[in-house]
Amino acid sequence: MNEVLKRNNVKLLGEGEQALVFVHGYGCNQEMWRFITPAFEKNYQIVLLDLVGSGSSDISAYNKGKYDSLKGHAKDVLEICQELSLDKPIFIGHSVSSMIGLHAGIQSPGYFDKIIMVGPSPCYLNDGDYKGGFSKSDILELIETLESNYLGWSSAITPAIMGNPDKPELAEELNNSFCQTDPAIAKHFAKVTFMGDDRAYLPQLETETLILQCSSDIIAPREVGDYLNSKLPNSSLKVLEATGHCPHMSAPEETIEVINAFLKD
Amino acid sequence: MGELDDYEAVFHSAPCGFLTTSTEGEILKANQTLLKLLGYEMGDLQGRKSFQDLLTIGGKLYYETHYKPLLIYQGSVKEINFDIIHKSGNRIPVLVNTVAAELSKGKTVFQSTVLDITQRKLYERELYLEKERAETLAAQLKNANLELSRFAQVISHDIKTPLKDVLGLASLLQSRFGDLSQEKKLEIIGTIKKSAGSLSTMVDNVLNYYLNTDTENLKTEPVNIRNLVEDVISIADSREKVDFKLEGDLPEIRTYRTVVHLILLNLIVNGIKYNESPNICIQIRGKETNDALWLEVVDNGIGIKDEDLDKVFNPMENLNAKDRFNKKGTGLGLSYVKIMAEKLGGEVSVKSKHGKGSVFSLKLKKFN
């Protein structure tokens with residue numbers, strides 16, 4: 001398999017012509033889309049990928065310099081699209097990957113047909129009048145929580161704990177978790193995600209964009225959705241009845257319906 | 001008591017917290033054990049608070065980005081460590097196991113056990129800190145080992161040059177014993193003795209110094225820098241005709257003799273080795289300030305390329321420069337000069353023009 005596709009553990013599904021490129025958010029991997037992708041398989045080509053550092057991507061490709069900004073991930077996504085020779089694909093990003101879509105759209109103007117942002121936020125930190133929802137100490141606390149959680153629940157320590165060469169499946173079982181990430185990478189990615197500020201880039205995105213917001217989402221509050229909608233040149237905002245941060249998992253039907261309406265527009 | 005009452009009693013007095021929430025996290029039911037752990041009455045929570053409300057902000061983020069997606073994806077999660085907030089504001093570390101259970105109406109709820117792990121958490125933190133401590137120590141040891149092995153290489157390299165002279169002079173004496181005048185023989189023997197003597201002292205001092213990696217175990221002494229420089233020159237390289245110039249302040253200061261000796265030997269030998277000029281010239285210039293003595297070793301050697309200037313003090317960077325005997329350097333000498341200069345409270349830097357020569361500046365702290 002091609003290096004780029006292998007690096008990001010790219011999976012292809014579906015029978016359609018136009019491609020829907022699904023990019024997962026912080027903490028998970030491409031599996032998070034499985035509740036909604038079946039609805040699009042008939043009419044679209046589905047491109048699934050794991051961001052480098054997440055899921056089954058090539059962890060050794062995680063370079064803190066390159067991925068110190070979301071632009072590094074955006075470059076990867078564009079490389080994948082190029083490798084697959086996608087024509088006018090549609091980008092669907094969850095959470096932090098919405099901003100990866102923003103950068104990809106700016107890096108390659110006119111390339112994406114449409115961009116769908118699920119639970120996006122251009123900046124999680126409060127800054128003057130801008131209410132991102134979090135203070136710096138909140139984010140540091142998340143990183144602390146992450147660290148302490150990885151003490152008890154870590155892919156890095158399971159091989160040591162489960163170090164039983166006779167029963168590799170034991171370690172496999174613990175490791176094969178949906179949210180598994182190397183702890184050091186998880187920490188770095190958390191910093192890049194939650195400490196970043198992409199507000200200045202918003203006016204540069206010409207692509208038609210749908211902002212999907214949940215009615216109650218601690219990670220991306222309503223004001224942030226409104227802010228995005230006012231700064232993106234070509235966007236519309238749709239507030240879902242679903243709550244939480246992962247409507248594509250907790251309310252797949254509603255999410256599919258709204259995405260479909262936007263795609264058919 | 002009916003079976004249902006029994007069940008209720010067991011539910012409430014179970015040795016772990018039980019919590020039922022909606023898929024949105026809204027608290028539907030909690031047992032007495034959990035309420036007691038949290039310091040709340042059922043009325044405070046039921047329909048009023050969500051599980052997320054009991055978490056720290058970091059925990060809330062973790063809930064949204066890891067816990068809930070996992071729960072939806074797998075239908076269950078195990079051993080998630082949250083800090084939950086007691087009514088008083090105190091944080092209690094707990095271990096949460098949750099299953100997504102479908103109730104008869106087709107409605108899904110999340111059912112969790114919540115276990116207080118305050119004691120275990122302390123133990124875990126202790127272990128974690130111990131692990132960090134052990135890792136730091138291991139890294140220090142590894143560095144010390146590396147330093148020592150590099151040091152051994154540098155030292156053998158530095159000792160070899162004067163040793164070769166001793167051997168050369170001894171061979172000369174042997175092969176031409178009959179031709180040489182009595183005075184010449186005595187002069188050669190004198191030089192051999194002097195070189196061997198200072199080598200022996202150097203080895204002793206160096207061993208002494210590096211067996212005790214800290215300068216704490218080495219004593220400072222008054223060192224006459226002019227004499228020391230002359231001493232170094234005498235063993236630096238006697239086969240080459242080198243024009244040495246000593247300028248400026250070269251006073252007596254309190255410092256570590258062996259270390260300064262080694263540093264100067266390295267700098268001067270380098271100035272001679274990496275030198276293609278027919279007339280090698282090495283200047284040693286001193287400038288004394290209140291608390292330090294600045295020494296400059298100026299050579300007219302091959303100099304250092306701009307792109308290599310940052311690298312000269314890195315261990316193992318030999319920059320491909322060939323010395324006048326057409327051998328590549330070991331790349332160890334200057335890294336040691338830097339380490340040693342810093343160990344005795346000084347510093348070393350270099351300015352150079354490729355093809356013109358180099359100026360090494362050494363700051364020596366004056367000890368009291």
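Modeller: Helices (H or I, at least four residues) and strands (E, at least two) are DSSP runs numbered from the N terminus, and two strands pair if DSSP finds at least two bridges between them. This is a predicted model, in which local features need pLDDT of at least 70 and side-chain atom pairs count only at pLDDT 80 or more, while totals for chains, interfaces and linings use all residues. Residues are numbered from 1 along each chain as its sequence is written, and chains are lettered from A and ligands numbered from 1 in the order in which they are written.

Biologist: Which residue of E5(A) is the bridge partner of A:Ile92?

Modeller: That partner is A:Ile116. Strand E4 (residues 90–94) of chain A pairs with E5(A) in the parallel sense, over five bridges. Between the two, the chain passes through helix H3 (residues 96–107) of chain A, and this β-α-β crossover is right-handed, that is, clockwise from the first strand over the helix to the second with the strands pointing away from the viewer. A:Phe91 also stands opposite a residue of E5(A), namely A:Ile115.

Biologist: Is E5(A) enclosed or open?

Modeller: Strand E5 (residues 114–118) of chain A is largely enclosed by the rest of the structure, because five of its five residues are buried. Buried here means that 20 or more other C-beta atoms, placed from the backbone, lie within 10 Å of a residue's own; 12 or fewer makes it exposed, and anything in between partly exposed. A:Lys114, A:Ile116 and A:Val118 point one way, A:Ile115 and A:Met117 the other way, and all are buried. In a regular strand, side chains alternate between the two faces of the sheet.

Biologist: What is the order of strands in the sheet of chain A?

Modeller: The order is E1-E3-E2-E4-E5-E6-E7, an open sheet of seven strands with mixed pairing. Its edges are strand E1 (11–14) and strand E7 (235–243), each pairing on one side only. Neighbouring strands are turned by 20° against each other on average, direction ignored; axes are lines fitted to C-alpha atoms, for helices over the stretch in contact, and angles run from 0 to 180 degrees between N-to-C directions. Overall, chain A comes to 10 helices and seven strands, and 46% of its 265 residues are buried.

Biologist: Turning to chain B, how many strands are in its open sheet?

Modeller: Five, in the order E2-E1-E5-E4-E3, with antiparallel pairing. Strand E2 (27–30) and E3 of chain B are the edge strands, and the twist averages 30° from one strand to the next. Strand E1 (residues 17–22) of chain B is joined to E2(B) by three bridges, and B:Thr21 stands opposite B:Ile27. H4(B) lies across E3, strand E4 (91–102) and strand E5 (108–116) of chain B, at about 160° to E3(B).

Biologist: How many residues of chain B are in contact with chain A?

Modeller: There are 23, in contact with 26 residues of chain A; a contact requires C-beta atoms, placed from the backbone, within 7 Å of each other. H4(B) gives the most to that side of chain B, with 15 residues. By class, this side has nine nonpolar (Ala, Val, Leu, Ile, Met, Phe, Trp, Tyr, Cys and Pro), eight polar and six charged (Asp, Glu, Lys and Arg) residues, with the others, Gly among them, counted as polar.

Biologist: What about the largest nonpolar core, and how many residues has it?

Modeller: It has 96 residues, and those with the most contacts inside it include A:Leu20, A:Phe22, A:Ile92 and A:Ile116. Such a core is a set of buried Ala, Val, Leu, Ile, Met, Phe, Trp, Tyr and Cys residues joined through C-beta atoms within 7 Å. Helix H4 (residues 57–74) of chain B gives the most to this core, with eight residues. A second, separate core of 37 residues includes B:Ile263 and B:Leu362.

Biologist: Finally, where is A:Asn9 found?

Modeller: A:Asn9 is in the loop between helix H1 (3–7) and E1 of chain A. Its phi is near 45°, a positive value in a residue other than glycine. A:Asn9 counts as partly exposed because it has 19 C-beta neighbours inside 10 Å.

Technical notes. Two residues are in contact if their C-beta atoms, placed from the backbone, lie within 7 Å.
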